[in-house]
Amino acid sequence: MGYIMTIKYDKIHQVIVIGAGHAGCEAALASARIGCKTLVLTANIDTIGLMSCNPSIGGVGKGHLVKEIDALGGEMGKAADATAIQFRRLNTRKGPAVQATRIQADRSLYRLYMRKVLESEPNIDIKQRMVEGFIVEGNKIVGVRTNIGEDFFADCVVVTPGTFPNGLIHIGKTQIVSGRAGEAAATGISNAFEKLGFTVGRLKTGTPPRLDGRTIDWNKTEIQPGDENPVPFSFSTTKIDRKQLPCYITYTNEKTHQVIRDNLDKSPLYSGLIKGIGPRYCPSIEDKIVKFPDRERHQIFLEPEGYETYEIYPNGISTSLPLEVQYQIVRTIEGLENVEIMRPGYAIEYDFCDPTQLKNTFETKLVENLFFAGQINGTTGYEEAAAQGLIAGINAALKTKGEQEIVLDRSQAYIGILIDDLVTKGVDEPYRMFTSRAEHRLILREDNADVRLREIGYKIGLVKESEFADFQAKQRRVEHEMARLHNKKIYPTQEVNNILDKFDSSPLKKPHSLKDILKRPEISYNELSFVDPDSRLIIDSDIRSQIEMEIKYEGYIKRQNEQVDKFRKLEGVSIPNSFSYQNIPGLSNELVQKLSRVKPNSIGQASRISGITPAAISVLLVYLKKSESESAIRAD
């Protein structure tokens with residue numbers, strides 16, 4: 001290899017963002033909008049914001065993250081609304097905690113939207129470069145070095161490299177060094193992580209073959225249209241008037257399963273070629289057949305990739321089997337008997353860094369001013385990546401300005417749960433967000449994300465003045481309507497009771513407030529309007545649904561708020577970063593090692609470390625008080 005002269009780039013930036021996927025886009029926009037000169041270094045400018053896998057945003061848990069990103073002033077929700085080809089609300093017949101939004105996006109439009117937004121931001125510079133090293137002085141990051149010997153300097157660096165670090169694609173026995181199909185892997189940056197002392201591991205994810213929609217017999221599939229009245233992701237979107245495209249459903253069958261069983265020896269997942277651990281909740285079709293042998297069929301969603309393409313994403317048959325076997329598999333499926341594969345499916349292995357090496361601001365513990373976000377932290381999914389990028393970008397910008405960084409706790413947001421899970425427990429498989437991870441999920445709903453987070457976004461400068469004014473106006477309308485429902489009485493007249501009887505609701509025997517009537521499970525705003533015509537004036541569906549949920553689940557919400565108060569008491573007992581766990585009686589060597597590695601910042605966080613017992617927490621509390629008393633005596 002020839003000598004590469006080092007080139008120093010003279011323009012000074014406050015924040016450098018490595019990578020321009022979903023994490024990188026949010027990190028760069030957050031940093032720039034807070035007021036920092038931000039440099040984005042990406043291996044390929046044409047793939048800014050690319051949806052590498054399925055062309056969708058949201059879903060249960062994931063949709064909650066997108067609403068929170070939007071409430072804080074991030075871009076993903078707006079991008080989803082602007083480029084969606086289908087909107088669907090999920091779990092509408094279930095409880096409010098698990099109701100969620102999901103959209104199908106036009107992959108090409110989404111990518112172009114994100115690129116335009118980044119290029120239009122005056123504080124962002126974009127350069128096509130491959131980063132392979134870090135410039136560190138003392139214990140602080142001061143810049144990065146590219147593979148052509150160019151040095152860029154900044155106060156903080158946010159690393160969001162996706163699946164590119166030592167990326168290796170598997171299609172049968174064929175292995176391709178690549179960060180994504182058709183793109184070079186980042187082979188130098190993982191070595192740079194290890195040189196800085198980070199623990200590097202290996203994970204795996206995969207994608208299905210892409211199909212030519214012109215070769216699908218759509219008459220043999222089930223149509224799945226979008227919602228008639230689409231609900232936008234962004235709190236700033238007032239109307240959705242985009243043309244919607246349907247998705248379609250088909251299923252695997254016994255023939256499909258037999259083809260897979262007959263060819264398992266050709267699967268790199270089962271032949272031992274793949275070492276990385278894959279996502280448990282998004283398994284390959286090979287995994288589904290092996291682990292669920294009694295299932296007669298598996299559902300496949302045929303998702304269009306956009307308005308101007310015939311390419312179809314068959315969600316549910318991710319595979320790394322050889323291409324000839326992929327053809328055999330898909331052609332056993334109803335509607336796909338004569339299908340052509342446009343792009344083969346594949347598995348990809350990549351490096352990640354143990355996220356317990358991070359603070360809950362996403363700054364690394366080993367190197368100051370260095371932040372990690374996205375799949376480098378062991379997560380999977382666009383939404384999880386974007387949430388991390390947003391927080392990392394915010395905190396990198398705030399740190400350069402000498403301002404207090406933000407930390408969201410588990411009771412405030414799913415983003416807080418995501419961060420706490422990563423930095424406290426680490427990962428042994430790609431991490432995915434689910435509502436079941438939330439202890440207080442009834443108060444962490446999609447509809448109230450703005451109530452929980454909008455003011456935070458406004459105070460740090462990400463939520464525009466006009467957007468915050470709209471939020472305040474909405475809250476005033478909610479408060480006014482809640483007061484009206486509480487104060488207005490409905491009397492037990494024959495007319496009122498006849499109306500209630502039509503809705504299978506018990507008659508009134510004494511005056512009731514509108515709130516009491518709306519609390520009944522069988523009564524919604526629609527039914528309430530028959531006994532109270534003024535309720536028809538509340539035409540904003542988001543306000544109606546928020547009020548209904550708050551009223552119908554008032555008792556449960558009150559109980560969860562009480563649990564949150566107890567939770568915050570433990571979170572309020574801070575542990576100094578310098579606190580030593582060595583030589584504390586009652587703590588085993590294993591617990592000492594875990595506590596020393598994670599370095600929890602509070603008793604609450606310590607209690608969530610795997611293996612930490614209530615007895616260990618009691619011991620910690622005693623020694624924390626003892627340590628504080630000794631410090632106070634020394635100070636005197």
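1. Two strands pair if DSSP finds at least two bridges between them. Helices (H or I, at least four residues) and strands (E, at least two) are DSSP runs, numbered from the N terminus. On that basis, E14 and strand E21 (residues 346-353) run antiparallel, joined by eight bridges. Thr207 stands opposite Tyr346 in E21.

2. This is a predicted model: local features need pLDDT of at least 70, side-chain atom pairs count only at pLDDT 80 or more, and totals for chains, interfaces and linings use all residues. Residues are numbered from 1 along each chain as its sequence is written, and side-chain values use heavy atoms, with hydrogens and water left out.

3. The sheet is open and has four strands, in the order E13-E12-E21-E14, with antiparallel pairing. Strand E13 (174-177) and strand E14 (200-207) are at the edges; each has a single partner strand, so one side of each lacks a neighbour in the sheet.

4. Pro430 lies in the loop between helix H11 (414-425) and H12. Pro430 is buried, at 4% relative accessible area (buried means under 20%, exposed over 50%, partly exposed in between; 1.4 Å probe, protein chains only). Beyond its neighbours within four places in sequence, Pro430 is in contact (heavy atoms within 4.5 Å) with residues including Leu203, Lys204 and Tyr350.

5. Helix H12 (residues 449-459) has buried residues, among them Leu453 and Gly457. Their cover includes helix H2 (62-72) and helix H13 (465-487). Gly461, with a positive phi near 100°, follows H12.
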